[in-house]
Amino acid sequence: MSTGAARAEPRARVSIRVEGIVQGVGFRPHVHSLARRLALSGWVGNDSEGVFIEAEGTRESLTRFQEELRGHAPPLAVIHRVTVTAVPALGDRGFVIAGSREGGARAALISPDVATCADCLAELSDPADRRYRHPFINCTNCGPRFTVIRDVPYDRPATTMAGFAMCEECTAEYLDPHDRRFHAQPTCCPACGPALRLLDADGRTHHPGAAGGDGGAARDPIGLAAEVVRSGGILAVKGLGGYHLAADATDEAAVRTLRSRKHREDRPFAVMVADLDAARTLCELDPLAERLLTGPRRPIVLLPRRPGAPLAGAVAPDDRRLGVMLPYTPMHHLLAREIARPYVLTSGNLSDEPIAYRDRDAFTRLAGIADRFLTHDRPIHVRTDDSVVLAAGGRELPLRRSRGYAPEPLRLPRPVRRAVLACGAELKNTFCLAEGGRAFVSHHIGDLENYETLRSFSEGIDHFRRLFDITPRVVAHDLHPEYLSTKYACDLDGVDLVGVQHHHAHIASCLADNQEAGPVIGVAFDGLGYGADGTLWGGELLVADLTGFTRAGCLTPVPLPGGTAAIRQPWRMAAAHLDAAYGGTPPGDLRVSSRHRDWDDVVAVARSGVNSPLTSSAGRLFDAVAAILGLRDTVTYEGQAAIALEQRADPAEESAYPVRLGGDEGGGGGEGGGGGEGGECALLTIRTGDLIRAVVEDLRGGTDPAVISARFHNGLAAATAASCARLRSSTGIGTVALSGGVFQNRLLLDRLVQALRLRDFRVLTHHRVPPNDGGVSLGQAAVAAARDLEG
């Protein structure tokens, strides 16, 4: 053998398929750079399934290539699967990025919108950089994704950037494999990208008059917009997923004006601040909160407010927490710097309407609210609200999963045999499409109570079906026949319908969130849900897995006097609970009864059962206690009374009200089993009358309501843990799953988790989807898929 032949190493070639979030995140440039470094030839490209690669070189180089492909992906990439197949060597030279391929089954995943990266922020602040103060600066590591994507493969023509032709300099960067913007689809600069404008409420360009002398910063839309906020005006701001309304968060009059115009009486506003230092002046931050605030998703984070924080009282009335977020687009960074103080940034809508995201619609709907509009000419394709999270138990607890999270898929505990559409709940609606082992939970849709939100729901489903090429064969829905989501499901043709009980969906959501199949003891505490027995459930103990459940226990059922009126008027629930707890003769010196002339009439209605269905609702129990303590007799938004009760509680108080357990030792009832008329029923019952009487006794004795609230929370947690222990003795199940909107209450969640762990339970809580109704669609999908597998 010659020396030359000995040196020549045999060449091999492989075809590689990469699936996951690998488009729009710099994956092709990463592959190109890696292949060039390892002296490989071949190509890489996008198609409807993800990324395709052919690479040729020595076997050692190909092995290293595959290892680094999996282990050192770009920051925003999420690799789900890599498939490698040997193919014949071609003997080609050089490695190129190939054109995208059309057609084929669509399996490519879409990246969520990503906050501006540190490199782009440095350029944004550098006067010598050609993108200095450019509000739309982005690169392969950051920028708009889901909200601008119309179709896949993810290429510029399939985004709302299609109408902006790149200039020569941007084109050169886009084609340079060594540039950070190599194949960055939304890349642009001031010469070729979208442009900001400040408009009057009638849609005409705002002219500042003589202000600013010869112009300069005064003609800069950012500077002019900041002056609107600093001077006490209301500014509409077109962001990533829709319009927001901004106001000076330190100006009481401005915030009250915003509340009045927006018809938002009490619900807290979120606040945007420029950086972590500014956030620290308002709230107490721990390391987890800092990571959430500064991470690429940039949600609103609910944080403990510092006493004396320099904010208007109207920002978050009577709330010890504050929703804070940091800027997540270049425009927001520029605006925060110019305003130089905290500013309210809330959804651009009237109360109960979906957020406005199309320009014409925004001017029509927001003209009576905003004094000026800071807008731009890049269309938004998908309406997407800000996400909201809470730091609980050392990890993230989502309360609203939307911008920055959707449409990133979630792994399912079991694969799907036939594609599933889950239509979700009526309130805080999301939908979910599932295929294979993945579930695509939508962005936050909102409450399905009007035509606009229903249209957003149906358009969103159509968009997801097209993006991910999923044609559902199984459609899951809530049991409530009047939910618009249920009616949507029932109107579909050629699909198999699966009704999923609301609280089973909650527990299944928690199981899927933790990639488990059960069985578990499920604690589902929420406001109201349609029960399998026709009553209204909401304080449930279920023995459940993904395919089914047994209703093993509940809170004591009481009437809901006046139906939905009792949700808006918690004092009605106080009347029902007091009447039940005292057998019709509660103490006559309670202020809650003396405050309402209709008290006796409401009690009579509750006893008659007319428009007063029975409910085991935990949420309504919290409402009743809040009203008894004089915290809230009426509410203007869901959960307001319960939030007030949690906020009032003294976290240092450790004593708990004793609560008896009634009924069976863990069984009975069966799926669809119902509660009785009062304290006794066929189920294990947490006797809420004990809690009510203890609250009243302490209140009449002059105990501080802060102590009473804490003892109530502690008592409910202890009774729930004791109920789970009783069920374990009959079922042998040692895992508990906690779900439902009541578990947004961090005090109850922490106390119950602690009590369960002291009893050696394994506890599952939410960390990828909300415990509230925003997670119900995932649970419905998991149930429908599991039943389909067994069927």
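**Exercise 1.** By class, how many nonpolar, polar and charged residues does the lining of the second largest cavity have?

*Solution.* Start with the model: it is predicted. Next, list the lining. Val 22, Gln 23, Gly 24, Val 25, Gly 26, Phe 27, Arg 28 and Pro 29 belong to it, along with Asn 46, Tyr 154, His 183 and Gln 185. Now sort by class. The lining has 5 nonpolar, 6 polar and 1 charged residues. Tyr counts as nonpolar and Gly as polar in this sorting. The volume of the second largest cavity is about 60 Å³.

**Exercise 2.** Find the volume of the largest cavity and the residues closest to its centre.

*Solution.* First, the count: there are 7 cavities of 30 Å³ or more. The largest has a volume of about 130 Å³. It is lined by 17 residues, and Pro 135, Leu 240, Thr 329, Pro 330 and Arg 378 are the closest to its centre. Then sort the lining: 9 residues are nonpolar, 6 polar and 2 charged.

**Exercise 3.** Describe the second largest pocket by volume, lining and contributing elements.

*Solution.* Begin with space: the pocket holds about 520 Å³. Its lining has 20 residues; Pro 304, Arg 321, Glu 646, Gln 647 and Arg 746 lie nearest the centre. Turn to the elements. Strands β10 (300-304) and β14 (388-392) each supply at least two lining residues, as do helices α20 (640-648) and α23 (746-758). The largest share, 4 residues, comes from α23. By class, the lining splits into 10 nonpolar, 1 polar and 9 charged.

**Exercise 4.** Are α19 and α21 roughly parallel or roughly antiparallel?

*Solution.* Take the angle first. Helix α19 (residues 618-628) packs against helix α21 (residues 688-700) at about 15°, with axes 11 Å apart. Angles under 35 degrees count as roughly parallel. Therefore α19 and α21 are roughly parallel to each other. Now the contact: α19 brings Leu 621, Val 625 and Ile 628, while α21 brings Thr 688, Leu 691, Ile 692, Val 695, Val 696 and Leu 699. These residues divide into 8 nonpolar, 1 polar and no charged. The crossing is right-handed.

**Exercise 5.** Classify the packing of α16 and α18.

*Solution.* Helix α16 (residues 570-581) and helix α18 (residues 599-608) pack at about 60°, and their axes lie 9 Å apart. That angle makes α16 oblique to α18. The crossing is right-handed. In the contact, Trp 571, Arg 572, Ala 574, Ala 575, Leu 578 and Asp 579 of α16 meet Trp 599, Val 602, Val 603 and Arg 607 of α18. By class, 7 are nonpolar, none polar and 3 charged.

Terms used: Residues are numbered from 1 along each chain as its sequence is written. This is a predicted model: local features need pLDDT of at least 70, side-chain atom pairs count only at pLDDT 80 or more; totals for chains, interfaces and linings use all residues. Side-chain values use heavy atoms; hydrogens and water are left out. On a 1 Å grid over the protein atoms alone, a cavity is a set of points where a 1.4 Å probe fits but cannot get out, and a pocket is an open set with protein on both sides within 12 Å along at least five of seven lines; lining residues have an atom within 4 Å of a point. Grid points are joined across faces, edges and corners, and a volume is the space filled by probe spheres set on the points. Axes are lines fitted to C-alpha atoms, for helices over the stretch in contact, and angles run from 0 to 180 degrees between N-to-C directions. Angles under 35 degrees count as roughly parallel, over 145 as roughly antiparallel, 65 to 115 as roughly perpendicular and the rest as oblique. A crossing is left-handed if the near helix is turned anticlockwise from the far one by less than a right angle, and right-handed if clockwise. Contact means heavy atoms within 4.5 Å.
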